[in-house]
Amino acid sequence: MGIFGRRQTAVSEPAPALAGATSRGVALDPALQALTGRWTIDRPHSHIGFSVRHAMVTTVRGAFTDYDSTLYFDGAQPSESRADLVIRVASVDTGVEQRDAHIIGADFFDARRYPEMTFHSTSTVHEGGETFRMTGDLTIRDVTRPVDLQLDYLGSVLDPFGFERVGFDGTTTIDRTEWGLVYNQRLKAGGTMVSEKVRLQFDISAIRSTS
């Protein structure tokens, strides 16, 4: 998603008893604490995608290429982190134009009526090591439901152009029918053409904002 965060309604963690530790007693790497600040997703080096089982025997993968993000990460107090992600669903790309047209049509996203899919974070918890759990509200077709993401910190670097860059992987699996994406076809041998389970993937390379 842009991927850290919470809205102001979330309950903050109590102040840690020890410097460099969360309220759950999990020590935070000083390198993570140094990452505190605002970040912008670098689209050419990031991937916001999905995968879904097709016809029971194969997997279709796709990505959304047009989106905006607002990210703030607090490496000392992860619960203070927050994020918003707005994805324009008409930007879906599965590599097959006919399939993309079907996905953005009325059977699935209905992009004319619901042009955007959004994610608003509600809480972030440090699970230990380089793993975080982020909860947020995912809205598709004007239906909003909570989702949990597992986030893995991949590292940070100063790139050759002088930009401070950080990487995270985020994953979650949802039941698309809970957001009104109920279209399907039954197979003669049993089962369905498109799985109800969809895996969402956020491969994020973000650059520290200077403003």
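## Basis

The model is predicted, so local features need pLDDT of at least 70 and side-chain atom pairs count only at pLDDT 80 or more, while totals for chains, interfaces and linings use all residues. Residues are numbered from 1 along each chain as its sequence is written, and side-chain values use heavy atoms, with hydrogens and water left out.

## Aromatic rings

Rings of Phe, Tyr and Trp (its six-membered ring) pair if their centres lie within 6.5 Å; planes under 30 degrees apart are stacked, over 60 edge-to-face, and the rest tilted. Six aromatic pairs are counted by this rule. The ring centres of Phe 73 and Phe 132 are 5.9 Å apart and the planes stand at 90 degrees, so this pair is edge-to-face. Phe 73 is in strand β4 (residues 67-73) and Phe 132 in strand β8 (residues 131-140), 59 residues apart. Strands here are DSSP runs (E, at least two residues), numbered from the N terminus.

Both residues are buried (under 20% relative accessible area, 1.4 Å probe, protein chains only): Phe 73 has 2% and Phe 132 has 1%. Ring pairs also link these two with Tyr 153 and Phe 168 in a cluster.

## Charge over a ring

Arg 43 lies over the face of Tyr 67, 5.3 Å from the ring centre. The rule asks for NZ of Lys or CZ of Arg within 6 Å of the centre and within 35 degrees of the ring normal.

## Strand pairing

Two strands pair if DSSP finds at least two bridges between them. Strands β9 (residues 143-158) and β10 (residues 164-175) run antiparallel, joined by eight bridges. Gly 155 stands opposite Gly 167 in β10.

Strand β10 also pairs with β11 (residues 194-208) in the antiparallel sense, over eleven bridges. Here Asp 169 stands opposite Asp 203 in β11.

Technical notes: Helix = DSSP H or I, 4+ residues; strand = E, 2+ residues; numbered from the N terminus. Buried < 20%, exposed > 50% of the residue type's maximum accessible area, 1.4 Å probe, protein only.
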